[in-house]
Amino acid sequence: MYRSVPVPEITDFAITNARILPIADAGGRRAEPIKSGTIVVSNQTITSVESGTVTVQDLPAGTEIIDAGGRWVLPGFIEAHGHLGVHEDGEGWSGDDTNEMTDPNGAGVRALDGIDPSELGFKDALRGGVTSALIKPGSGNPIGGRTAFVKTWGRIVDEMLVTQDLSVKSALGENPKRVYGEKNVTPSTRMGTVKVLRDAFVDAQNYQAKRAHAEAEGTPFERDLVKETLADVLEGKLAFDQHCHRADDIATAIRLSEEFGYRLVINHGTEGHKIADYIADKGIDVILGPLMTSRSKVELRDRTLATAGALAKAGVRIALTTDHPVIPINFLIHEASLAVKEGLDPVVALEALTINPAAIFGLDDRLGCLAPGRDADLVLWSGDPLDLNSRADQVFVSGRKVFEFDADAGSADVADPFGPTLISEP
């Protein structure tokens with residue numbers, strides 16, 4: 001399936017003779033496709049996106065020219081809600097570090113500390129044109145912990161990290177009530193789950209007041225990592241990524257966010273179609289999915305591929321997720337294709353994988369579109385990515401080609417970030 005190859009040097013390059021889907025322009029406005037154009041990359045950044053072709057003479061010395069031969073070029077996709085590296089695909093319990101389910105309030109833990117960059121899912125991400133992901137603790141706790149946004153290729157997670165100052169994962173519904181109900185401790189009901197959240201935010205408010213008083217008085221103050229994280233949520237420094245499927249849980253999430261004044265992002269939103277107008281009126285973003293999963297629990301009984309179209313038509317900004325490893329991350333594009341089949345506008349479907357997740361988390365100045373000044377995270381597709389027969393032929397992460405599909409061999413070359421290890425025998 002994958003062949004490890006040496007890591008290529010970072011070079012300046014231009015992709016010519018390409019059908020370009022910029023998705024958005026430098027101002028974040030929807031951009032029209034370019035039937036035949038050129039993208040120029042220098043110093044790992046997109047410097048130019050233009051219609052027409054260029055010659056070697058038009059480019060700085062040393063710029064490599066890649067002839068796309070009419071193939072499609074899009075920004076790398078963004079997995080807005082996944083567990084890459086913290087829930088390792090095929091590794092069982094030993095590779096599952098998704099939930100620290102010993103305390104309902106896990107605000108002090110960080111996904112960054114559990115990510116294994118060698119997980120096979122990172123190669124799968126490249127196969128599906130996914131070049132970055134917001135990795136989240138799981139949904140077993142009412143408060144799961146701090147998330148981490150990373151590029152999907154690298155050797156050490158600290159080198160892959162874009163930022164870990166985006167959001168905190170939280171959960172309502174069946175998961176936390178099941179986990180702690182089986183332990184005969186709070187929370188064992190939806191009411192108990194919300195009480196845990198209210199108590200946690202009240203504690204954080206009290207912490208804020210005591211911290212401010214200590215700063216004003218110039219007296220020592222004992223730090224608390226759990227309360228500091230939630231104080232950052234209350235102060236708008238971090239969004240609250242809330243797992244909820246049922247419509248009543250979505251309404252509860254909105255109620256809580258208004259009670260405490262933090263920024264809410266709905267995750268999953270399975271029954272969002274039932275209250276799409278309400279979500280739109282509240283201006284809440286939804287990370288929808290996974291759409292191809294089975295109805296494995298009661299709160300998924302009304303799952304439908306039509307939810308994406310219903311939310312978008314109501315005016316809700318959406319992103320899509322595979323919830324890797326629930327659905328293989330390379331199927332992210334297929335989630336979009338199936339949503340299009342059930343009513344989602346194809347343009348919005350691609351925005352839901354690119355500019356929307358970037359904008360939801362304030363990263364649209366770096367990611368999510370092909371515009372000057374953006375990171376050179378781009379994918380050369382064999383055809384329309386929404387077509388099931390299309391595949392990612394070449395993938396660039398931060399301007400480095402790290403993936404190339406070999407159609408003749410039926411396998412893919414992936415740059416090995418760890419490189420060959422020479423072991424000398426005694």
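Author: Helices and strands here are DSSP runs, numbered from the N terminus, with at least four residues (H or I) for a helix and at least two (E) for a strand. Keep in mind that this is a predicted model. I'd pick the loop between strand 16 and helix 9, where D323 sits.

Start with D323 itself. Its phi is positive, about 55°, although D323 is not a glycine. Is D323 buried or exposed? It is buried, with a relative accessible area of 10%, and the cut-off for that word is under 20%. For a contrast, look at N17, which also isn't a glycine and has a positive phi of about 55°. N17 belongs to strand 2, residues 13-20, and N17 counts as partly exposed because its relative accessible area is 30%, between the 20% and 50% cut-offs.

The peptide bond from H324 to P325 is cis, with omega near 10°, and P325 lies in the loop that links strand 16 to helix 9. Another cis bond turns up elsewhere, from T186 to P187, with omega near 5°. P187 is placed in a loop as well, the one between helix 3 (174-181) and helix 4 (190-217).

Strand 16 covers 318-320 and is an edge strand, as is strand 9 (143-146), so to speak: each of them pairs on one side only. The sheet in question is open, with 6 strands in the order 9-12-13-14-15-16 and mixed pairing. On average, its neighbouring strands are turned by 20° against each other, direction ignored. The partner to look at is strand 15, residues 285-288, which runs parallel to strand 16 and is joined to it by 3 bridges. Across that pairing, L288 stands opposite L320 of strand 16.

Next, go to the other end of the loop. Helix 9 spans 332-341, and 7 of its 10 residues are buried, which makes it mostly covered. Those buried residues are L332, I333, H334, E335, A336, S337 and A339. What covers them? Among the covering elements are strand 16, helix 8 (307-314), helix 10 (346-351), strand 7 (77-82), strand 8 (130-135) and strand 17 (378-381). Strand 16 therefore shows up again here, as part of the cover over the buried residues of helix 9, where contact means heavy atoms within 4.5 Å. After helix 9 comes G343, whose phi is positive too, near 115°.

From helix 4 they include F201, Y207 and R211, and from helix 5 they include K227, L230 and V233.

Methods: Residues are numbered from 1 along each chain as its sequence is written. This is a predicted model: local features need pLDDT of at least 70, side-chain atom pairs count only at pLDDT 80 or more; totals for chains, interfaces and linings use all residues. Side-chain values use heavy atoms; hydrogens and water are left out. Two strands pair if DSSP finds at least two bridges between them. Axes are lines fitted to C-alpha atoms, for helices over the stretch in contact, and angles run from 0 to 180 degrees between N-to-C directions. Buried means under 20% relative accessible area, exposed over 50%, partly exposed in between (1.4 Å probe, protein chains only).
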